[in-house]
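Dear colleague,

Please find the structure below, handed over for your review. A summary of the findings follows it.

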Amino acid sequence: MKLRYYQQECIDAMLKDAGKYPEQNLLGALPTGTGKSVIIAGVCKAVADRGGRVLVLHRSKELVYQNNERYCQVDPKGLERCGVYSAGIGIRQTGEQVTFAGVQSVYKRAAEFGKIDLVFCDECHQIPFDENSQYQQLIRGVREINPACRFMGLTATPFRTNGVIHGTKRSLFHRMSYVAPLSRMFEDGYLTKPVTLPTKSVDL
């Protein structure tokens with residue numbers, strides 16, 4: 001699969017920062033519709049090529065299926081390396097190098113996966129700050145097994161109504177590695193620029 005230039009830029013930036021800042025968790029921000037699943041696949045492939053293990057987290061079984069399928073398109077060894085853990089799909093694999101999982105299915109099962117080197121969170125703005133949330137329980141479980149585990153995430157909205165999701169004491173992510181501006185995606189033709197239609201005046 002041929003990657004778009006900004007997808008490759010994001011992969012390169014996150015991998016570069018991973019080496020430059022070995023104790024930091026990294027974030028990428030790209031608009032909806034720009035193909036974040038390809039970026040996830042590219043980073044996972046790079047980690048797997050180095051012998052590492054990755055757990056990719058999602059909120060829905062549709063995203064689990066979609067990102068697993070995309071990984072197999074990006075990595076020629078994908079079918080050998082990747083697996084799925086999702087109660088909704090009915091598959092529970094734990095021994096693969098790259099596992100695509102629903103957080104609802106695995107948040108109490110970190111021990112079943114053994115040592116994980118990277119947890120990649122899709123739609124990572126959904127990670128709650130609440131220590132009792134499913135995400136936070138899984139994060140603690142993974143860190144108990146491997147305190148050096150790294151975390152990366154992608155989102156179209158790197159902020160929340162109760163604060164930004166990186167660079168604060170309570171946020172999981174320390175650094176924004178890459179941003180693809182919406183305006184540039186419009187200019188380059190990867191997203192359709194919205195057109196504003198004229199309206200009649202309204203008597204209020």
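What percentage of the 204 residues of the chain count as buried? In this predicted model, the share is 47%.

Overall form. The chain contains 8 helices and 10 strands. Its C-alpha trace spans about 65 × 40 × 40 Å along the principal axes. A compact globule of 204 residues would have a radius of gyration near 17 Å, and the value for the chain, 18 Å, agrees with this. Among contacts with a separation of 6 or more, 72% are between residues 24 or more positions apart.

The largest nonpolar core comprises 36 residues, and Val 98 and Phe 120 have the most contacts inside it. Two or more residues of this core come from each of α1 (5-20), α2 (36-49), β2 (54-58), α3 (61-74), β3 (82-86), β5 (98-102), β6 (118-122) and β7 (150-155). The largest share, 9 residues, is given by α2. Apart from its neighbours within four places in sequence, Val 98 is in contact with Cys 44, Ala 48, Val 54, Val 56, Tyr 71, Arg 81, Cys 82 and Gly 83. There is also a second, separate core of 24 residues, which includes Leu 27, Ile 127, Tyr 135 and Ile 139.

Surface and charge. The accessible surface of the chain amounts to about 10800 Å², and 51% of it belongs to carbon and sulfur atoms. The chain carries 27 positive and 20 negative side chains; the centres of these two sets lie 2 Å apart.

Yours sincerely

Definitions and conventions:
Residues are numbered from 1 along each chain as its sequence is written. This is a predicted model: local features need pLDDT of at least 70, side-chain atom pairs count only at pLDDT 80 or more; totals for chains, interfaces and linings use all residues. Side-chain values use heavy atoms; hydrogens and water are left out. Helices (H or I, at least four residues) and strands (E, at least two) are DSSP runs, numbered from the N terminus. The radius of gyration is taken over C-alpha atoms; the globule rule is 2.2 Å times the number of residues to the power 0.38. Buried means under 20% relative accessible area, exposed over 50%, partly exposed in between (1.4 Å probe, protein chains only). Contact means heavy atoms within 4.5 Å. Accessible areas come from the Shrake-Rupley method with a 1.4 Å probe; for residues, only the protein chains shown count as cover. Lys and Arg count as positive and Asp and Glu as negative; His and the chain ends are not counted. The place of a charge is taken as NZ of Lys, CZ of Arg, CG of Asp or CD of Glu. A nonpolar core is a set of buried Ala, Val, Leu, Ile, Met, Phe, Trp, Tyr and Cys residues joined through side-chain atoms within 4.5 Å.
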